[in-house]
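Here are a few friendly notes on the aromatic rings, to read with the model open beside you.

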Amino acid sequence: MGWEVKRLSDIIMHTNNGMARRGNDVDGSIVLRLVELQDGYIDYMKPNRINLDDAEKERYLLNNGDFLFARVNGNPEYVGRCAVFKAIDEPVYFNDHIIRVRFDCGELNGLFASELFNSSYGKSEMKDKIKTSAGQYTINQVGIGAIRVPRPPLPLQHRFADFVRATGKSKFALQRGLDKLEILYQSLMQKCFAGELFN
């Protein structure tokens with residue numbers, strides 16, 4: 001399309017790995033792990049919680065719009081999967097299996113970037129930047145910075161992001177409908193086997 005292509009390092013304003021300390025405290029703060037970081041979204045179904053000190057809170061607090069990359073995994077297909085962080089009703093932090101990146105928002109729309117990096121193009125860009133050691137596959141901040149990013153005009157990126165949000169809502173509504181149908185089906189099957197439908 002003739003769009004400008006930049007290295008991600010030219011667009012990144014800040015990057016750092018998460019905290020190395022582990023814990024599991026019921027009354028602690030949410031600290032994201034790899035299991036919560038999915039392709040394009042963050043799963044809060046069973047978050048890990050850790051009691052953090054003030055220095056940890058300051059360094060590892062996620063801000064709305066931060067971009068998260070999976071740094072390490074035993075499966076190379078999962079290394080580099082990413083999502084935009086959207087603020088929720090409590091502070092959220094992240095561990096060292098994740099790299100936090102902040103882009104220049106005047107250069108790159110986060111939702112556009114998420115779709116791009118989780119696509120086959122993004123996976124192929126990361127493939128030769130993934131290293132392996134002791135059965136673990138990793139990508140570091142330098143590798144992420146070397147990713148080539150086609151950069152459509154920002155208004156076009158925003159339009160694409162709006163389209164993704166709209167289709168996401170449609171998918172969510174459709175899934176809810178399918179879930180309700182499944183519940184109804186299971187209920188009818190139970191009644192059928194119990195003979196209720198034929199009495």
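Is Phe-117 buried or exposed? In this predicted model, Phe-117 is buried, with a relative accessible area of 0%.

1. Let's begin with the overall picture. The structure holds six aromatic pairs. In one of them, the ring centres of Phe-67 and Phe-117 are 5.8 Å apart and the planes meet at 85°, so this pair is edge-to-face. The cut-off behind that label is an angle over 60 degrees.

2. Phe-67 belongs to strand β5 (residues 67-70) and Phe-117 to helix α2 (residues 110-117), so their pairing ties together parts that are 50 residues apart in sequence. Phe-67 counts as buried because its relative accessibility is 0%, the cut-off for buried being under 20%.

3. Helix α2 also contributes Phe-112, whose partner Phe-160 lies in helix α5 (residues 154-193).

4. Phe-112 is buried, at a relative accessible area of 11%, whereas Phe-160, at 33% relative accessibility, counts as partly exposed.

5. Finally, a contact between a charge and a ring. Arg-81 lies over the face of Tyr-78, at 4.9 Å from the ring centre.

Definitions and conventions. Residues are numbered from 1 along each chain as its sequence is written. This is a predicted model: local features need pLDDT of at least 70, side-chain atom pairs count only at pLDDT 80 or more; totals for chains, interfaces and linings use all residues. Side-chain values use heavy atoms; hydrogens and water are left out. Rings of Phe, Tyr and Trp (its six-membered ring) pair if their centres lie within 6.5 Å; planes under 30 degrees apart count as stacked, over 60 as edge-to-face and the rest as tilted. Helices (H or I, at least four residues) and strands (E, at least two) are DSSP runs, numbered from the N terminus. Buried means under 20% relative accessible area, exposed over 50%, partly exposed in between (1.4 Å probe, protein chains only). A charge sits over a ring if NZ of Lys or CZ of Arg is within 6 Å of the ring centre and within 35 degrees of the ring normal.
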